[in-house]
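My notes follow the display.

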Amino acid sequence: MSNVYALQDHEKYDFSMAETFGELIFCAGSRDINTLYSIQRSPANQEVIHRMYKSLKNFKEDDFLIISGNPILIGLAIEFLLTKIGKVTILKWDSYSKQYNPFLLDMETLCKLEHSDNLNN
């Protein structure tokens with residue numbers, strides 16, 4: 001069975017609809033949303049990032065990611081997973097249909113886009 005990793009829990013959001021894709025796992029709590037400090041080497045920053053990486057270490061190709069919370073953690077998580085397994089399926093909330101829709105990011109497609117002539121113009 002697949003897992004659904006939500007980067008950060010937040011009391012304002014109901015993630016229960018994501019459970020149709022698998023078991024819900026939170027990588028960081030709601031208190032971590034504003035924990036990242038502007039001092040890059042802050043021990044508090046390192047602790048939040050370490051907890052996130054630790055919770056994502058068992059992420060598999062058939063798992064899903066909900067990007068929620070701090071943009072820095074979102075970027076780090078996507079980079080970590082693309083490096084680790086080469087692709088990640090993100091669950092994007094559609095407020096119109098009131099459901100999550102999967103969106104696949106994979107290194108092969110991203111590399112093709114990066115080297116296409118369209119980006120060089």
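I count two strands as paired if DSSP finds at least two bridges between them, and I take helices (H or I, at least four residues) and strands (E, at least two) as DSSP runs, numbered from the N terminus. The model is predicted, with local features needing pLDDT of at least 70 and side-chain atom pairs counting only at pLDDT 80 or more, while totals for chains, interfaces and linings use all residues. Residues are numbered from 1 along each chain as its sequence is written, and side-chain values use heavy atoms, with hydrogens and water left out.

I first read the order of elements in the protein chain, which from the N terminus is β-β-α-β-α-β-β-α-α, with 4 helices and 5 strands.

Next I looked up strand β1 (residues 3–8), which is largely enclosed by the rest of the structure because 6 of its 6 residues are buried (under 20% relative accessible area, 1.4 Å probe, protein chains only). Strand β1 runs parallel to β2 (residues 23–28), joined by 5 bridges, and N3 has E23 as its bridge partner in β2. Strand β1 also runs parallel to β3 (residues 64–66), through 3 bridges, and there A6 is partnered by I66.

For contacts (heavy atoms within 4.5 Å), I noted that, among those in the protein chain with a separation of 6 or more, 49% are between residues 24 or more positions apart.

Key. Buried < 20%, exposed > 50% of the residue type's maximum accessible area, 1.4 Å probe, protein only.
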